[in-house]
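Please take a look at the structure shown here.

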Amino acid sequence: LKITHAEFYKSVYSLDQLPEEKLPEIAFAGRSNVGKSSLINCLVQRKKLVHTSSTPGKTRSINFYLINRSFYFVDLPGYGYAKVSKSIQARWRPLVEGYLKDRATLRAVVLIIDSRHPPTASDIQLKDWLQFHRINTIPVLTKIDKVRKSDRQRHREEASRLLGIPVDEIFLFSSTEKIGREELLKQIVSLTEH
Ligand code: GTP
Ligand code: MG
């Protein structure tokens, strides 16, 4: 199971710029600053394929990355950060929802949540929206390196309860410590294969 090739493909600012539905796609969604871009870099083992930042709201466009020349990783702009201006938040919804809805090549959305806190109302709302549109959801609790080992399972159970997803379907992850990388990659790649 190897990522042999990863390259930036395209940034999309409006729905008419979306690439053709040609290859399987895995999208990465979550609140601003939760670690979406870092998680993609960790999966592909490239420090700077995707731009990351400690300033929330960094990713403004939908960014496509071509992986192994056979599928796309799609980095979505984050939601739910109060300091991001209203006009940007107002653009998020139609762009991201417009992309996710009726996308024939979309195989799953990796829903990334900060493991230090319970899923927020916006996380739960997105999960419900994805479920309503019958989009595969892979829930991931990231930054798990920041949670004491003895607390990790409890945080996982709490997330399971609030999201209504079985506890063993929730991935624990750390981009900095590479925790959970192989397991998540295996799940993702299997969804791009058939
Ligand atoms: P936006 O594009 O602004 O929505 O942010 P993002 O979700 O893409 O987050 P990004 O990957 O840019 O990371 C945000 C901050 O969290 C950066 O300072 C990262 O270094 C840090 N970070 C990301 N993942 C982890 C992790 O697993 N552990 C720790 N300790 N820090 C992390
Ligand atoms: Mg980002």
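Gln125 is found in helix H3. This is a predicted model. A buried residue needs 20 or more, and an exposed one has 12 or fewer. In sequence, Gln125 and Leu163 are 38 residues apart, yet their C-alpha atoms are 9.3 Å apart in space.

**Helix H3**

H3 covers residues 121–132, which makes 12 residues. From its first C-alpha to its last it reaches 16 Å, close to the 16 Å expected at 1.5 Å a residue. Which residues of H3 are buried? They are Asp123, Leu126 and Lys127. Seen down the axis of H3, these buried residues fall within an arc of 100 degrees, so they line one face of the helix. An α-helix has 3.6 residues a turn, so residues three or four places apart point the same way.

The face of H3 turned away from the buried side carries the exposed residues Ala121 and Phe132. What covers the buried residues? The cover includes strands S2, S5 and S6 (137–142) and helix H4 (149–163). H3 lies across S2, S5 and S6, and it runs at about 165 degrees to S5. Just after H3, Arg134 takes a positive phi of about 55 degrees.

**The sheet**

Next come the strands. Seven of them form an open sheet with mixed pairing, in the order S1-S3-S4-S2-S5-S6-S7. Strand S1 (6–12) and strand S7 (171–172) are the edge strands, and each pairs on one side only. In general, strands of a sheet pair through backbone hydrogen bonds, either parallel or antiparallel.

| Strand pair | Sense | Bridges |
|---|---|---|
| S2 and S4 | parallel | 4 bridges |
| S2 and S5 | parallel | 6 bridges |
| S5 and S6 | parallel | 6 bridges |

Phe28 stands opposite Asp75 in S4. Ala29 stands opposite Leu111 in S5. Asp114 has Thr142, in S6, as its bridge partner.

S2 spans residues 25–30 and is mostly covered, with 6 of its 6 residues buried. Glu25, Ala27 and Ala29 point one way from S2. Ile26, Phe28 and Gly30 point the other way.

**The nonpolar core**

How many residues are in the largest nonpolar core? It has 44 residues, and Phe28 and Val140 have the most contacts inside it. Strand S5 (residues 106–114) gives the most to this core, with 6 residues. In soluble globular proteins, nonpolar side chains tend to be buried together.

Val140 has contacts beyond its sequence neighbours. Leaving out residues up to four places away in sequence, Val140 touches Val110, Leu111, Ile112, Ile113, Phe171, Phe173 and Leu184.

**Helix H1**

One more helix deserves a look. After H1 comes Gln45, whose phi is positive, near 55 degrees.

Methods: Residues are numbered from 1 along each chain as its sequence is written. Chains are lettered from A and ligands numbered from 1 in the order in which they are written. This is a predicted model: local features need pLDDT of at least 70, side-chain atom pairs count only at pLDDT 80 or more; totals for chains, interfaces and linings use all residues. A nonpolar core is a set of buried Ala, Val, Leu, Ile, Met, Phe, Trp, Tyr and Cys residues joined through C-beta atoms within 7 Å. A residue is buried if 20 or more other C-beta atoms lie within 10 Å of its own, exposed if 12 or fewer, and partly exposed in between; C-beta atoms are placed from the backbone. Helices (H or I, at least four residues) and strands (E, at least two) are DSSP runs, numbered from the N terminus. Two residues are in contact if their C-beta atoms, placed from the backbone, lie within 7 Å. Two strands pair if DSSP finds at least two bridges between them. The expected span of a helix is 1.5 Å times one less than its number of residues. The arc is that of the directions from the helix axis to the C-beta atoms. Axes are lines fitted to C-alpha atoms, for helices over the stretch in contact, and angles run from 0 to 180 degrees between N-to-C directions.
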